[in-house]
Amino acid sequence: MFAELDTPSVLLDLDRVERNVRRMAALRDRLGVRLRPHIKTHKIPELARLQVAEGAAGITVAKVGEAEVMAAAGIADILIAYPVVGRHKLRRLMAVAQQARVSVALDSPAAAGDLSDLGEALKQGIPIYLELDTGFHRVGVSPRDALDAARALQRLPGLELVGLASYGGHVHGVGDTAAVDSIIAAEVQLLLETRDALHRAGMPVEEISIGGTVTTSRAAVRPELLAGVTEIRPGTYIFNDLNTVAEGACREEDCAATLLATVVSRPAPDRAVIDAGSKSLSSDSSPRIAGRGRVAGSGQVVEWITEEHGMLRLDPADPLAVGDRVAVIPIHICAMMNLHDRAYGVRGGQVVETFAVAGRGRVQ
Ligand SMILES: Cc1ncc(COP(=O)(O)O)c(C=O)c1O
């Protein structure tokens with residue numbers, strides 16, 4: 001399998017990538033929202049351009065470093081869905097803001113002070129989304145404090161408060177679609193109530209921006225869940241992984257990214273060892289998924305890993321031998337992509353393209 005490639009190597013099934021991208025673009029049309037995919041999943045400029053060509057209005061990133069890479073590749077509209085705090089980042093953001101429209105999601109006036117200086121220096125209002133904590137308890141102002149936070153943000157020069165954002169990460173691991181749907185409904189309701197309160201206070205914010213792949217997959221079944229939302233920011237959907245399969249957001253046939261690995265040992269009848277461990281598959285695991293990855297097609301489980309070894313549990317009758325190759329679907333593709341300099345686009349069993357994972361490691 002793909003004898004021209006050394007292992008471990010990331011394989012991207014381009015037919016599946018394109019199908020996933022087009023399916024999300026079609027959902028965007030059905031929902032009548034703006035699509036702003038989170039590129040932390042792939043970190044590849046060509047794929048960001050594909051998403052834009054297929055109808056995304058712009059992209060979402062987490063880091064200034066990712067924004068730098070994507071702006072340099074010609075992406076014209078970038079939301080940094082992460083508070084940008086500290087002078088080091090601000091200097092770099094200034095350069096990005098001269099190449100692309102940059103907006104930022106943050107949750108406090110304290111996190112906006114440096115950006116306010118930047119907006120003033122650029123003589124343009126930087127669009128700001130106020131991030132609400134709708135139950136995930138990561139960043140996000142509590143909805144009851146949102147009005148005060150919005151008022152304080154409005155007083156800062158160089159900023160333009162355009163909307164509200166949230167990330168409902170607490171849909172993960174719930175496992176029951178009715179419970180997931182009520183989490184999404186509550187998230188959207190909090191956002192809309194807060195928007196209305198801001199309107200009554202004379203703040204005409206219009207954007208309501210939410211993530212991610214699980215949330216949007218539910219909207220494909222029940223579009224009314226996202227009534228009032230103006231923007232969706234799914235990321236993982238472009239590749240999918242064992243997590244999104246376990247969440248019911250896709251099927252295994254929708255997983256577009258795998259790690260090509262070589263069997264380097266068959267030390268016991270029920271065990272083979274591949275040359276992929278935590279440094280190439282990532283250490284991410286899930287309480288709901290057995291092992292650390294699954295061989296595409298065969299269902300063999302990477303039962304446990306060390307840094308450079310992956311231990312496959314096998315039926316003793318399985319003929320898998322030293323030198324054979326397998327393609328492993330990871331638990332969490334976004335973490336895996338960040339470990340690789342290159343990814344190989346494949347079609348019909350052939351390698352057709354090499355991508356630089358240009359945003360990989362851009363964690364500052
Ligand atoms: C702020 C934000 N928006 C959007 C996303 C995309 O979500 P997903 O990867 O579930 O598609 C994420 C993912 O972590 C996120 O943190």
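Student: What numbering and what confidence limits apply here?

Tutor: Residues are numbered from 1 along each chain as its sequence is written. The model is predicted: local features need pLDDT of at least 70, side-chain atom pairs count only at pLDDT 80 or more, and totals for chains, interfaces and linings use all residues.

Student: Why is α3 called roughly parallel to α4?

Tutor: Helix α3 (residues 64-72) and helix α4 (residues 87-97) pack at an angle of about 20°, with axes 10 Å apart. That angle makes α3 roughly parallel to α4, because angles under 35 degrees count as roughly parallel, over 145 as roughly antiparallel, 65 to 115 as roughly perpendicular and the rest as oblique. The axes are lines fitted to C-alpha atoms, for helices over the stretch in contact, and angles run from 0 to 180 degrees between N-to-C directions. The helices themselves (H or I, at least four residues) and the strands (E, at least two) are DSSP runs, numbered from the N terminus.

Student: Which residues make the contact between α3 and α4?

Tutor: Val64, Ala67, Glu68 and Ala71 of α3 meet Lys89, Arg92, Leu93 and Val96 of α4; two residues are in contact if their C-beta atoms, placed from the backbone, lie within 7 Å. These residues divide into five nonpolar, no polar and three charged. In that scheme Ala, Val, Leu, Ile, Met, Phe, Trp, Tyr, Cys and Pro count as nonpolar, Asp, Glu, Lys and Arg as charged, and the others, Gly among them, as polar.

Student: Is the crossing of α4 and α5 left-handed or right-handed?

Tutor: The crossing of α4 and α5 is right-handed, whereas α3 passes α4 in a left-handed crossing. A crossing is left-handed if the near helix is turned anticlockwise from the far one by less than a right angle, and right-handed if clockwise. The axes of α4 and helix α5 (residues 113-122) come within 10 Å and cross at roughly 35°. On the α4 side the contact includes Leu90, Leu93 and Met94, and on the α5 side Leu118 and Leu122. By class, this contact has seven nonpolar, no polar and two charged residues.

Student: Why are α7 and α8 described as roughly perpendicular?

Tutor: Their axes come within 10 Å and cross at roughly 100°. α7 and α8 are therefore roughly perpendicular to each other. Val180, Asp181 and Ile184 of α7 meet Val214, Thr215 and Arg218 of α8, giving three nonpolar, one polar and two charged residues.

Student: What makes β2 and β3 edge strands?

Tutor: Eight strands form an open sheet with parallel pairing, in the order β2-β9-β8-β7-β6-β5-β4-β3. Two strands pair if DSSP finds at least two bridges between them. β2 (34-35) and β3 (59-61) each have a single partner strand, so one side of each is left without a neighbour in the sheet.

Student: How many bridges join β7 to β8?

Tutor: Four bridges join strand β7 (residues 159-166) to strand β8 (residues 207-210), and the two run parallel.

Student: In what sense do β13 and β14 pair?

Tutor: Strand β13 (residues 301-305) and strand β14 (residues 310-313) pair in the antiparallel sense over four bridges. They form a hairpin with four residues between them, and valine 302 has leucine 312 of β14 as its bridge partner.

Student: Which residues are closest to the ligand?

Tutor: Of the 13 residues that surround the ligand, the closest are Gly211, Gly212, Thr213, Gly235 and Thr236. A residue is near a molecule or strand if its C-beta atom, placed from the backbone, lies within 6 Å of it. By class, the shell has five nonpolar, seven polar and one charged residues.

Student: Where does glycine 212 lie?

Tutor: Glycine 212 lies in the loop between β8 and α8 (213-221). The peptide bond from glycine 211 to glycine 212 is cis, with omega near 0°.
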